[in-house]
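These are my notebook entries on one structure. I record what I looked up, entry by entry.

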Amino acid sequence: MEYNFKQIESKWQNVWYTQNTFAAKQDFSLPKYYCLVEFPYPSGQGLHVGHPRSYTALDIVARKKRLEGYNVLYPMGWDAFGLPTENFAIKNHIHPAEVTKNNVAHFKQQLQSLGFSFDWTREINTTDPSYYKWTQWIFLQLFKKGLAYKKEMAVNWCTSCKCVLANEEVVNGVCERCGSEVIRKKQSQWMLKITEYADRLVKDLDDVDFIDRVKTQQRNWIGRSTGAEVDFGTTLGDTLTVYTTRPDTLFGATYMVISPEHPYIEKWADKLTNLDEVRKYQDEAAHKSDFERTELNKDKTGVRLQGVMGINPVNNKEIPIFISDYVLVSYGTGAIMAVPAHDTRDWEFAKKFDLPIIEVVAGSKVGVENEAFTDCATGVMTNSDFLTGMSVEEAKKAITEWLTKEGKGHQKVNFKLRDWVFSRQRYWGEPIPIVKCEKCGYVPLDESQLPLTLPNVESYEPTDTGESPLAKMTDWVNTTCPCCGGPAKRETDTMPQWAGSSWYFLRYCDPHNDKELISKEAAEYWTPVDWYNGGMEHTTLHLLYSRFWHKFLYDIGVVPTSEPYQKRTSHGMILGENGEKMSKSRGNVVNPDEIVDTYGADTMRLYEMFIGDFEKAAPWNSDSIKGCKRFIEKYWNLQEKVVDGDEYTPQMEALMHKTIKKVTYDIDNLKANTAIAAMMTLVNELSAKGCNKEELKTLTILLNPFAPHVTEEMWDVMNFGGMVNQAKWPEYDEEKTKENDVEIVIQIMGKVRAKITVPVDMTKDDVLATAKAEPKIAELLDGKEIKKEVYVPGKLVNFVAL
Ligand code: ANZ
Ligand code: ZN
């Protein structure tokens, strides 16, 4: 029977869209389930085959939860501010708002064509003033609580985008977006004090169900470490404080290193006898990114400060002080004590500059002269005066107590996490709702003035001075101070793209509220998100930033939970057929529109789920798509195999119950691939043996979340009543999932000759008797003498007969 997927799929997509079939209900007494996928950036390229992997996976969850009776929220929107749109707009002389509108329309049509059950009544767009009004509102609250501040600082500056980049946007020393060189430049920036939340951002990970690798990434990024600050003396009288996670190794410190930007260099400038050399080195370091500077296996460089020595507080020994770029100014105190025997970077540096290496933890296999002994957490102290003989753990405690008592140090917790650079000198972003008044300083706009809309500019190209294009709009820039009424200037920096996505999941809960960001009732009911899936590339920053904002909103009473997402999973990338990342330059990009056009949405959805383990990367495979298409056709043809009555064979009944159990479990555990395999088996069986109406009905519900169009059509033609998306998810009986019968292979002289099905609990003698009575076997054994009978319970019988 022909299955016209084009006609049928568009028919149901229309019905769902016009009837708002999947709109979440306003009835807050129902049990709720909130499924979230990362909303796309509507780029000019349109949908990528990677998007549907995530969207289909949670569409399956959302559809199943609805069938289980939950009030499901599965929304979609657009993360539409950002550089690619702006760059495209500049190049093609179209306003970014226009570009966005076109891209959104294209994306939406593509998503529609895949039959996702999004609640389109809640569609949001971060560039919509009614949306970014609340992004600005959050910024104002942060400002009022002292969590947004302006600071002159060295920033990463992309020479091509002419834009400040966050550390995380600099990958291997180049701009993440355009691949151009990134230099350091001083600029006044808006900053958000995410560091104030660092401890909670680590601790609260214990209370959420994020997959392990995501939790690890969050922890690594925040980088909490416990150590000590130790005060070293210097021969110039100043105290030089270092941060170390290994205070136990203090007796092994043979030199010190300060970062090239350390303020003591200025302080000591006129006492240093090699200042020229020092200045030259400082200049070179200024041109490197933090990444280049801390790269592990890079050649160590540095300059010794001539004219000053450090003094180790534990033994008053004088040790040299160097500047080197492997010590960062922005971490700890910007100064370290170097213990070459137990730290690899210090070891490499010591070898290069011929500095002493003193072993203080015993146990190196090759000797510390040959290699740093770093894996020494369980070692025993040596060469360390009163610490000698202690374990590393004991020594850490003892030395920290000693330092505290002597007033030469104390325990200290440090974080790798830095405050968040929140300014961008670009046009296509949320305006920052602050004015600068000469008298009053930075003054927030009154909330009643929000949204502060982005004005239309003539040209949105970045300026060479590094100012935002908005700076040229004097009409807009010049304003009056909300505080004193005097002349003031608007902030012309805009927010980074991360802003809109840091709270979007809240807006979906109450998208049309013009009084509040979210109502108390909606927040109580819908938050937290029950299941959030997205790419691994967003599991560090986006996740961290949105957790930070959510915690802040919790602190000011906007939301009732301190974590936004209960569960977070991540899908693997879909690679090209050649196993490489899909990219235009490799020419291996698969266009989802073509797949939908050739095979239909249901096939595409099944295929993307069948492609492999959800969390792993998987290469595209065109043959496998055809297999999925055949499966759908085979299912469709079952309507011709329906037999009257509803008698079950015990085997088929067991298979039904087993399949229900498997599909139910697999959907909840992101194993759509094995769920599909189980349904393929079931379809094969039903197709071979014929099926009754009840069986087809159950199968149709099970398959519906995966292949929503063909199942909706089947439901309709079979007159099962209503629509399948309103059916009830089938239940299974654990007892009936158990095998009652087993299939036994019968061999003669090791060759398979027949198969029999017997009850699992049949005795050996009975199985052998049944085997011999099997007509084909009886014929083959006729006239022969059975020398030996082998029986492997539940599996096979072998007759040795001559
Ligand atoms: C002595 C020592 C001995 C160290 C040893 C390590 C091993 P985490 O865990 O990342 O916090 N360090 C401190 N400040 C630094 C800076 N601004 N730039 C570069 N390195 C810095 O690492 C802390 C360790 O990194 C500190 O402990 C310090 O070296 C170094 F066997 O002090 B350690
Ligand atoms: Zn003022």
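I looked up where α18 meets α19: D602, T603, L606, Y607 and F610 of α18 touch S624, I625, C628, K629, F631 and I632 of α19. Contact here requires C-beta atoms, placed from the backbone, to lie within 7 Å. Helices (H or I, at least four residues) and strands (E, at least two) are DSSP runs, numbered from the N terminus. Ala, Val, Leu, Ile, Met, Phe, Trp, Tyr, Cys and Pro count as nonpolar, Asp, Glu, Lys and Arg as charged, and the others, Gly among them, as polar.

I note that the model is predicted; local features need pLDDT of at least 70, side-chain atom pairs count only at pLDDT 80 or more, and totals for chains, interfaces and linings use all residues. Residues are numbered from 1 along each chain as its sequence is written, while chains are lettered from A and ligands numbered from 1 in the order in which they are written.

I then checked the geometry of α18 with α19 (residues 622-637): the angle is about 125° and the axes are 9 Å apart. Axes are lines fitted to C-alpha atoms, for helices over the stretch in contact, and angles run from 0 to 180 degrees between N-to-C directions. α18 is therefore oblique to α19, a term for angles left over when those under 35 degrees count as roughly parallel, over 145 as roughly antiparallel and 65 to 115 as roughly perpendicular.

Next I turned to α18 (residues 601-610) and α21 (residues 672-689), which pack at about 120° with axes 7 Å apart. L606, M609 and F610 of α18 and A672, N673 and I676 of α21 form the contact. In that contact I find 5 nonpolar residues, 1 polar and no charged.

I searched for cis peptide bonds. One joins L450 and P451, with omega about 0°; P451 sits in the loop between β22 (441-444) and α13 (474-477). Another runs from T527 to P528, with omega near -5°, and P528 belongs to the loop between α15 (520-526) and β25 (531-535).

Technical notes. Contact = placed C-beta atoms within 7 Å.
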